[in-house]
Amino acid sequence: MTYLVGSENPKESAGVRFRKLLSSPGILRLPGAHNGQAALQAKDAGFDALYLSGAAMTASMGLPDLGIITIDQVEFFIRQIVRSSGLPLLVDGDTGYGETLNVMNMVRTFEEAGAGAVHLEDQLLPKKCGHLNDKKLASVNEMTMKVDAARRAARDIVIVARTDAAASEGIDGAVGRAQKYIDAGADAIFPEALTTADMFREFARRMPGVKLLANMTEFGRTPFFTAKEFEEMGYSMIIWPVSSLRVANKAQADLYETLQRDDSTEAMLPRMQTREELYKTLRYHEYESLDRSIVETVLPTVDH
């Protein structure tokens, strides 16, 4: 049903539901969803939880992922995804949008918007995608203060601490930081931009009993591994952060090139979501049924 009634309004908080999924057997698969439509499509494909990427949000706004967007802008994305799908959502919290009090404000805002989990990273602004060069790291003390602040502000939301230290401080540095973040109150660790299976295994071996998140982004430093392979390496969660946006953007570019060339979209029809498919995804008739004053829509039939 729609988010106005039915199963999309569960009684348990998103944080409680996310924790239950995280403690269930197997790896928790979290495909990226960059808007409400993508969230519905992921849900219909059978996924139980989702991920909201800062890079996907900023790119969808026509901006680079450099820590430009605000808490309020992210809140808008959270609300549309949670309302449309009803699924527990892990949100990219970047560097926390400031210092200790800003981190607390972020956690409360995201949790009230419906997020089930948030991750916080140990970069300094202007931050970069974790798979790019020359990232500037916060001190361990600065990051542990942020993690502690996030934990104190949280009600049920899951706190994931991300470390980008492997590139500059090696596995020893990344593990050392991760342990301090756990001690400060993090529920899970996200070691970013590891480059080999051996690195993933070694990190997991040295963090026994800790829930770990793997990032399977395309065009980055990490080779392709399946969710099952990450699970066998010792990981509890996997994200595909920007995949939905990449596919959508490529399709849109092809559309505009076709329209510029042909003055028509007809050649693109086989690649388009039909009106019927769109309405089915949106639960269009279910919304109509909530208001008896609306006459049920009859879809037009056109031969192509």
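**Close-up views of a predicted model**

**View 1. A nonpolar patch sits on the surface.** Met61, Leu63, Leu66 and Ile68 make up this patch, and together they have about 300 Å² of accessible area. The structure is a predicted model, in which local features need pLDDT of at least 70 and side-chain atom pairs count only at pLDDT 80 or more, while totals for chains, interfaces and linings use all residues. Residues are numbered from 1 along each chain as its sequence is written, and side-chain values use heavy atoms, with hydrogens and water left out. A patch takes residues with over 30% relative accessible area and no salt bridge; nonpolar side chains (Val, Leu, Ile, Met, Phe, Trp, Tyr) are joined within 5 Å, like charges within 9 Å. Accessible areas come from the Shrake-Rupley method with a 1.4 Å probe, and for residues only the protein chains shown count as cover. Look for Leu63 in the loop between helix H3 (54-60) and helix H4 (71-85). Helices (H or I, at least four residues) and strands (E, at least two) are DSSP runs, numbered from the N terminus.

View 2. Buried means under 20% relative accessible area, exposed means over 50%, and partly exposed lies in between (1.4 Å probe, protein chains only). The C-alpha atoms of Ile239 and Asn215 are separated by 5.1 Å, although the two are 24 residues apart along the chain.

**View 3. Here is the largest pocket, with a volume of about 530 Å³.** Of the 21 residues that line it, Gln41, Val247, Ala248, Ala251 and Gln252 are the closest to its centre. On a 1 Å grid over the protein atoms alone, a pocket is an open set of points where a 1.4 Å probe fits, with protein on both sides within 12 Å along at least five of seven lines; lining residues have an atom within 4 Å of a point. Grid points are joined across faces, edges and corners, and the volume is the space filled by probe spheres set on them. Helix H10 (243-262) gives the largest share of the lining, eight residues. The lining divides into eleven nonpolar, nine polar and one charged. Ala, Val, Leu, Ile, Met, Phe, Trp, Tyr, Cys and Pro count as nonpolar, Asp, Glu, Lys and Arg as charged, and the others, Gly among them, as polar.

**View 4. Arg151 and Asp187 form a salt bridge.** Their closest N and O atoms are 2.4 Å apart. Arg151 lies in helix H6 (residues 140-153) and Asp187 in the loop between helix H7 (166-183) and strand S6 (188-191), so the pair ties together parts that are 36 residues apart in sequence. A salt bridge is a side-chain nitrogen of Lys or Arg within 4 Å of a carboxyl oxygen of Asp or Glu. The whole structure has 20 salt bridges.

**View 5. Arg271 and Asp254 make another salt bridge, at 2.9 Å between the closest N and O atoms.** This pair links distant parts of the chain, with Arg271 in the loop between H10 and helix H11 (275-282) and Asp254 in helix H10. Arg271 is exposed at 52%, whereas Asp254 is buried at 16%.
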